[in-house]
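Here are my notes on the model you sent. They are set out as numbered points, for reading beside the sequence and the structure.

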Amino acid sequence: SDAQRQKLKELYDWYDLDNSGRVDSTEELKQLTCNTMCKMSPPNIADPDLVLRFVERYGDEAEAHGGIDFERFVNIVVPALHIAERSEEEQEMEQTNYEIMALCNSESDVVILEHANPELEGKIHKYMVVINIHNKDLRSQSWDDVQQDIMQLARFQRPLTMVFTDADGHNAVSHTFVEEGSLRLRWADRLKVLNDEMDDINRKMLTSPKASPIKSKLKQDWQELNEAVARVHKRAEAKRREADLRGK
């Protein structure tokens, strides 16, 4: 990705001591490779022997053939040090963007934010939605219509069975709570979650360096996601108006 390439370029330029556009000594190549591994390889690849083997293989090229330019360095170091195509930050961004877009199309307004319940470990995660609680179907119902019932059931009903799915509607998981007391589970209105996530993206966009590829990607993603969230708000407002008219 552009972000990974820029990070490699910054590392490379740091060790191009004479600004020749080439790394032309074994020592420079060794230090560059070691730092690149520390900053860009997966944690389980932190192996000094890997650096030594790399330098042994390409040291002569650096010393005897005019040095290794940046493009050549990228071509040899990425596979050798198992550098990922995208950074962890980019991968997290893509996952969050997917979840936001899925929430825009979710049938449930009840979104899981976090839990501290050992019974739920490995079963549910942030951005999942609740589609059923105590045989009450929550799909296609607004947050305002269901929140009081959910709170009452969560406080007083045991056993209490809840059904969760991923935001895209897949991977349904059922869990029955039998112990009295807090469920140790936090959920929120889908519209609020979407607004908070968009605010978070906006903050990241404002604080990212001006020339950063991440900033450019954030701008692009924000525009697309903002349009999708706006459509969700319009649909919710239309439902409220319809409900008001029925009430009259």
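**Notes on charges and strands**

1. Lysine 136 counts as partly exposed because its relative accessibility is 23%; buried means under 20% relative accessible area, exposed over 50%, and partly exposed in between (1.4 Å probe, protein chains only). This is a predicted model, in which local features need pLDDT of at least 70, side-chain atom pairs count only at pLDDT 80 or more, and totals for chains, interfaces and linings use all residues. Residues are numbered from 1 along each chain as its sequence is written, and side-chain values use heavy atoms, with hydrogens and water left out.

2. The side chain of lysine 136 meets that of aspartate 149 in a salt bridge (3.4 Å, N to O). A salt bridge here is a side-chain nitrogen of Lys or Arg within 4 Å of a carboxyl oxygen of Asp or Glu. Lysine 136 lies in strand E5 (residues 136-137) and aspartate 149 in helix H6 (residues 143-156), so the pair ties together parts that are 13 residues apart in sequence. Helices (H or I, at least four residues) and strands (E, at least two) are DSSP runs, numbered from the N terminus. Aspartate 149 is partly exposed, at 35% relative accessible area.

3. The structure holds 15 salt bridges. One of them joins the side chains of glutamate 71 and arginine 5 (2.1 Å, N to O). This pair links distant parts of the chain, with glutamate 71 in helix H4 (residues 70-80) and arginine 5 in helix H1, 66 residues apart. Glutamate 71 has 40% relative accessibility and so counts as partly exposed; arginine 5, at 35%, is also partly exposed.

4. Aspartate 137 and arginine 139 form a salt bridge through their side chains (3.0 Å, N to O). Aspartate 137 is partly exposed, with a relative accessible area of 32%, and arginine 139 is partly exposed at 37%. Elsewhere, salt bridges that share partners join Asp200, Arg203 and Lys204 into one network.

5. Strands E6 (residues 160-165) and E7 run antiparallel and are joined by 5 bridges; two strands pair if DSSP finds at least two bridges between them. Phenylalanine 164 has valine 173 in E7 as its bridge partner. Strand E7 (residues 173-177) has Val173, His175 and Phe177 on a covered face, and Ser174 and Thr176 on an uncovered one.

6. Lysine 234 is in helix H8 (residues 213-247). With 65% relative accessibility, lysine 234 counts as exposed.
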